[in-house]
Amino acid sequence: MSQEGASNSRRRFLTGAVGVVGGVGAAYVAVPFLAYWKPSARTKAAGAPVEVDTSTLEPGQKINLTWRGQPVWVIRRSEAAIESLAAMDDTVSDPLSNVSSQQPAYAQNPHRSIDPEYLVLVPICTHLGCIPSYMPQAGSLDADWQGGFFCPCHGSKFDLAGRVYRGVPAPTNLQVPPHRMASNGSLVIGEDPEAA
Ligand code: FES
């Protein structure tokens, strides 16, 4: 079992819900923690924004979904995780997210998101496209590990904002897709705040 899998198996199951904004039937589906949400072919074709109910997401947990045919993770960061980010600035290669292609302008901040508590990422390694493991626990990879993402293919590491470590094969931070907070507190993936 992978480290992520082992870690996840210890957590209790999460019941979450995702739906298509403006939905055709807006089917809210109860999914177990780490279940993979598969949109209909119609949704995929349209690339419609996806609304994610984060109300039952606890600190450290994540929801997996698909938007425009690519995986997206929504992670609720703990207070400790948010506080740990500032200490990572000397460890990561682009602490200020200066590579503008990797996030919308409104996510070019220390936590790389609209809301510091919620990280929204495309979990595709920027080296050769493997899916990194989510390892939120400090010390779970090595003694210096403050939590983050580890790519098992060639060893790239990213912090809990998806910022790439110095000296690893991946050249840039993980990508942050467009997202906004809906008035009901849900997250909408695939829309900028201006569209709200
Ligand atoms: S694909 Fe992730 S380090 Fe190479």
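Burial, contacts and a disulfide

Me: Why is Cys 153 called partly exposed?
Reply: Its relative accessible area is 39%. Buried means under 20%, exposed over 50%, and partly exposed lies in between (1.4 Å probe, protein chains only). So Cys 153 counts as partly exposed. This is a predicted model: local features need pLDDT of at least 70, side-chain atom pairs count only at pLDDT 80 or more, and totals for chains, interfaces and linings use all residues. Residues are numbered from 1 along each chain as its sequence is written, and side-chain values use heavy atoms, with hydrogens and water left out.

Me: What makes Cys 130 and Cys 153 a disulfide?
Reply: Their sulfur atoms are 1.9 Å apart. The rule asks for a pair of cysteine sulfur atoms within 2.5 Å, so the pair qualifies. The count by this rule is one disulfide.

Me: What makes the link of Cys 130 and Cys 153 left-handed?
Reply: The angle about the S-S bond is -95 degrees.

Me: Why are Cys 125 and Cys 151 called buried?
Reply: Cys 125 has a relative accessible area of 4%, so it is buried. Cys 151 stands at 2%, so it is buried too.

Me: Why is Ala 80 called exposed?
Reply: Its relative accessible area is 52%, so Ala 80 is exposed.

Me: How do you know that Arg 180 makes a polar contact with Glu 191?
Reply: Their side chains meet at 2.7 Å. A polar contact is a pair of N or O atoms within 3.5 Å; within protein, one must be able to donate a hydrogen and the other to accept it, and residues adjacent in sequence count only if both atoms are side-chain atoms. Arg 180 itself is buried, because its relative accessible area is 12%.
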